[in-house]
Amino acid sequence: MKFLFKIDTHLWPIIVIGLLVLFAKCYITYPIAHVGESDASGYAEMADSLVHGKWLSVEYISFFFIKYPGMPRPEDHWPPLYSFLIVPFYLLLGKTAFASKLPSLIISSLLLPLATYFLTKSFSKNKWASMGAAFTVMFYPSLFMWSLYCLSDITYSFVVCLAVLFAVKGRENGRYFYPMGFFLGLGYYAKGATLALIPVFPLFYLIMKRFFNMNQRRFLLGMLLAFLVIAPWWMRNAIHFGNPFHSTQNYWSGYIGYGSGGSYHVYWDKPKP
């Protein structure tokens, strides 16, 4: 029990209040039998496929941008990280709407605030500012609301926060560049837009090396690890679709207002939006 007394005392209010917030969110979401639509149902169904040993396949068509050889088909729109997080809760509680939302509830109530605390502390060294940052992400209305859904946004925020945290800590200890690379690669499984963030980390390194004696070899290995984490998903896409970067989200611009058409039109054998 001695290790409990070694924990930063400023963490205890975050943990205790986070547990109360988690209980409140569970109280809100438990009676709701509806998983959600579009994104939420996609994550829930992928998790169900994983539970039944069907890997990341689904038995429906979400968007009619390309033809599929048959059903079930490999999921090629929603990223899979959140679905993997749902799996243990499906195994424990069964396939329920509440179980599908639990990863988001736990991350938003405890893990994201704690990660934000440590990230702020690594910049400011001020524990009170760090506590303020933690409680901000815990109670910010928009984050609070979206954490109640079976969605990957909160999870993605947590993963990127960890990648940034370990990058910052790597200024003084190069070993932190390894978890930086791992979580940076993991972020791709939550949002494909992570590819746009990857160049920021080498830029961060080039700027910071002017002020810190940073380990170049460990940083490069960390970046290599990020691509190694992503590689299985690229290989999977190349096998199934002939393109490692394939995603029906590549055609999404027509739906959100650029050009004509929408995602629910059938584009088989027609020009894509």
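Begin with the crossing of α3 and α4, which is right-handed (a crossing counts as right-handed if the near helix is turned clockwise from the far one by less than a right angle, and left-handed if anticlockwise). The model is predicted, so local features need pLDDT of at least 70 and side-chain atom pairs count only at pLDDT 80 or more, while totals for chains, interfaces and linings use all residues. Residues are numbered from 1 along each chain as its sequence is written, and side-chain values use heavy atoms, with hydrogens and water left out.

Select α3 (39–51) and then helix α4 (residues 81–93), which pack at an angle of about 60° with their axes 8 Å apart; helices here are DSSP runs of H or I of at least four residues, numbered from the N terminus, and axes are lines fitted to C-alpha atoms over the stretch in contact, with angles from 0 to 180 degrees between N-to-C directions. That angle makes α3 oblique to α4 (under 35 degrees counts as roughly parallel, over 145 as roughly antiparallel, 65 to 115 as roughly perpendicular and the rest as oblique).

Move on to helix α8 (residues 153–169) and helix α9 (residues 177–188), which pack at about 155° with their axes 8 Å apart. This makes α8 roughly antiparallel to α9, and their crossing is left-handed. Y156, V159, L162, A163, F166 and A167 in α8 meet residues of α9 including F177, M180, F183 and L184. The contact residues divide into 12 nonpolar, one polar and no charged (Ala, Val, Leu, Ile, Met, Phe, Trp, Tyr, Cys and Pro count as nonpolar, Asp, Glu, Lys and Arg as charged, and the others, Gly among them, as polar).

The lining includes F118, K121, K125, F166, K169, R171 and E172, and by class it has five nonpolar, two polar and five charged residues.

Finally, centre the view on H77, P79, G192, S247 and Q249, the closest to the centre of the largest pocket among its 19 lining residues. On a 1 Å grid over the protein atoms alone, a pocket is an open set of points where a 1.4 Å probe fits, with protein on both sides within 12 Å along at least five of seven lines, and lining residues have an atom within 4 Å of a point. Returning to α3, note that α3 and α12 (216–241) each supply at least two residues of this lining.

Terms used. Contact means heavy atoms within 4.5 Å.
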